[in-house]
Amino acid sequence: MPESMKGLSPEVPFHLGLDLQGGIHLIYRADVSGIQENEISEAMSGLRDVIERRVNFFGVGEPSIQVEKSGNENRLIVELPGIKDIGQAVALIGETPYLEFKTQRPQEETDEILKAQENNERLNEDPYFISTALTGRYLKRANLDFDQTTYQPQISIEFTKEGSDIFAKITKDNIDKPLAIYLDGAPISAPNVREEITGGRAQITGQFTAQEAKELVRNLNSGALPIPIELISQQSVGASLGEEVLRKSIFAGIVGVLAVAVFLLLWYRLVGIVAIFALAIYSSVVLMLFKMIPVTITAAGIAGFILSIGVAVDANILIFERIKEELRNGKNFKSAIPEGFVRAWTSIRDSNISTLITATILYWFGTSIVKGFALTLGVGILVSLFTSFTATRTFLIVADIKGESKIMKFLLGMPKTL
Amino acid sequence: MIKHRKIFYMISGLLVAMSLGVFIVWGLNPAIDFTGGSLLEVEYSQVRPPMNIIKEKVDAQNLGNVLIQPIGEKGFLFRFRDITENEHQALIQTLGEVTQKRFDSIGPIIGKELTRKAWTSIVLVVAMIILFIAYAFRKVSKPVSSWKYGSVAIVALIHDVAIPVGVFCVLGYFYHIEVDILFVTALLTILGFSVHDTIVVFDRVRENLKKGTGKDFEDTVSQSVRQVRGRSIKTSLAILLVLVSLLVFGGETTKYFALTLMLGIVLGTYSSLFLASPLLVTWQKWQERK
């Protein structure tokens, strides 16, 4: 099968949204205050890479991690579809350590801040230490070892080339002063600098057990975050709920389509059958397009598709009513069909444009839920414009092979007297 | 129906006025999509504990004002302020053996942003639709000029959107039903459909005017309405059928979405036949009198 035809294969699954297959949608705000304006985008893509590595631990089907800029905020959007243990995933991403090296604050500043804090001011400032340029961003690797004399577990870290230079400078400027190591905003140790360290290596010693140290090393290696992040929004749907919504939506769709089919049959009889065939073709074309584009199917998306079936029926009804009118005016069936189509066309076109406008704008501005709806509705309307003029017409012409207008009138549901 | 137009004007006017009234007095009940906040749905594997015990446990978590609602046979739905992941985990712990079915926690910034986006799309859709109406009716001029068709279509549009808003103000006030981003989506879709129905009628008027059908403008319009009414009602029925099935059988998330759309479809059809078309006639008569 050629690549472009892959979407037609029944093996190709529909692309289900998070609300239907279960999963989480997380929005993180990145704190870029410590980064130069021109380095932000690079740092953000670094952040994305790190989170991507972490997320890959969970072995989720198709994780999606995107960097987004909204106003002056830099955000990271993480989507993990089909994940089983949502709580654990959020916790694990959140736990990713943010490593920082800080130097001692001058005494007078410390006093000043402490005094202000007594009056409940400047509460989020650290009175003792000042952040430096050295963060987990410059970490090359971390290892677990044990102190030769105390047998305490300790973590040795190695910086990148750039990091080594910064580290050398910091140590040089701070000889005989403490250099604090912060993890996720909390100090874990503050050893005194004895001399300038140029090799780009350092040890973190602290009061941790071997187990804690091991986890820390793993987390540091899989990615110490280059920028601190904060979770500002999360939406999660359990797999069971997603399944339930999917099952219900599909069922509702089937019932709806069947109801419409019965309705068309009762109202238009034979022509109703034509319309049902046209609808079947319409639905297959739309569903195929959903696979090929591919459109992410959400509950709202299914609603959009179901709604578009109504629109497709509308086009057929407009055409049939026009044909009936032409028949009433004494035209025979052969000339009534093309006439009806031509006359119905302007109405169908003009009336659908307004809905298309709405769908386009919704797609542009919407969140993922709204996008799903807008896309299925929009695709649905475009296809219905197409199929009502190809499929319906062909079927109608085929149905009238004998050209028996009288029978056709009856079948169209028209009173004989007309 | 054109003859009895005053009755329809009164019904529509009253409904719109009432909707406006409840909107001003009660307003809509915005969901956490817009306000920020959290929503947690859990299910117990066996029997759910009594509400007062749960309430005690949850209150101990300092989550501010928590709304607790039993859901299904074994579940609870909680609504509260937006919380951190640690608070979330602590809450789950305290509830005991539960499966988390859904958890949304939306920060106030995201809420504000969504509200802004919603307004932007509303303004854009309305502007584009007005432009489109002006364009679609650019060639019709006699005896009513094209901008009047457009204005009438807009009146119908306001009518079709105002009443569902009113209904949801009432639902929000009495049943705490919230409006989320899908509600806004439904309203915008109604805008599209409302114009859709109105255009089908006006298109017929346009055609009949060209053909010279009817003895005067009023007659032309009533004949046009008679000609398209079958189609309009049938189409609406077809769409209503699918929406009813979505409302009855569909998932929880799209229920009120379907309801909003249903209201819009019914109103859109009604207003195109009983409001927009008679208004054209009224306007034309009023013009003649001058």
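Hi everyone, let's start in chain A, where strand β9, residues 179–183, runs antiparallel to β10(A) and is joined to it by three bridges. Strands here are DSSP runs of E with at least two residues, numbered from the N terminus, and two strands pair if DSSP finds at least two bridges between them. Within that pairing, Pro187(A) of β10(A) is the bridge partner of Tyr182(A).

Before going on, a word on the model: it is predicted, local features need pLDDT of at least 70, side-chain atom pairs count only at pLDDT 80 or more, and totals for chains, interfaces and linings use all residues. Residues are numbered from 1 along each chain as its sequence is written, while chains are lettered from A and ligands numbered from 1 in the order in which they are written.

Back to chain A. Its open sheet has four strands in the order β6-β5-β9-β10, with antiparallel pairing. At the edges sit β6 (129–135) and β10 (186–189) of chain A, each pairing on one side only.

Now, chain B. Is strand β4(B), residues 98–106, mostly covered or mostly open? Mostly covered: eight of its nine residues are buried, meaning that 20 or more other C-beta atoms, placed from the backbone, lie within 10 Å of a residue's own.

Which strands pair with β4(B)? Within chain B, β1 (residues 37–44) runs antiparallel to β4(B), with eight bridges, and Leu40(B) stands opposite Phe103(B). From chain A, β12 (residues 229–237) also pairs with β4(B) in the antiparallel sense, over five bridges. There, Gln235(A) stands opposite Asp104(B).

Technical notes: Buried ≥ 20, exposed ≤ 12 C-beta atoms within 10 Å, placed from the backbone.
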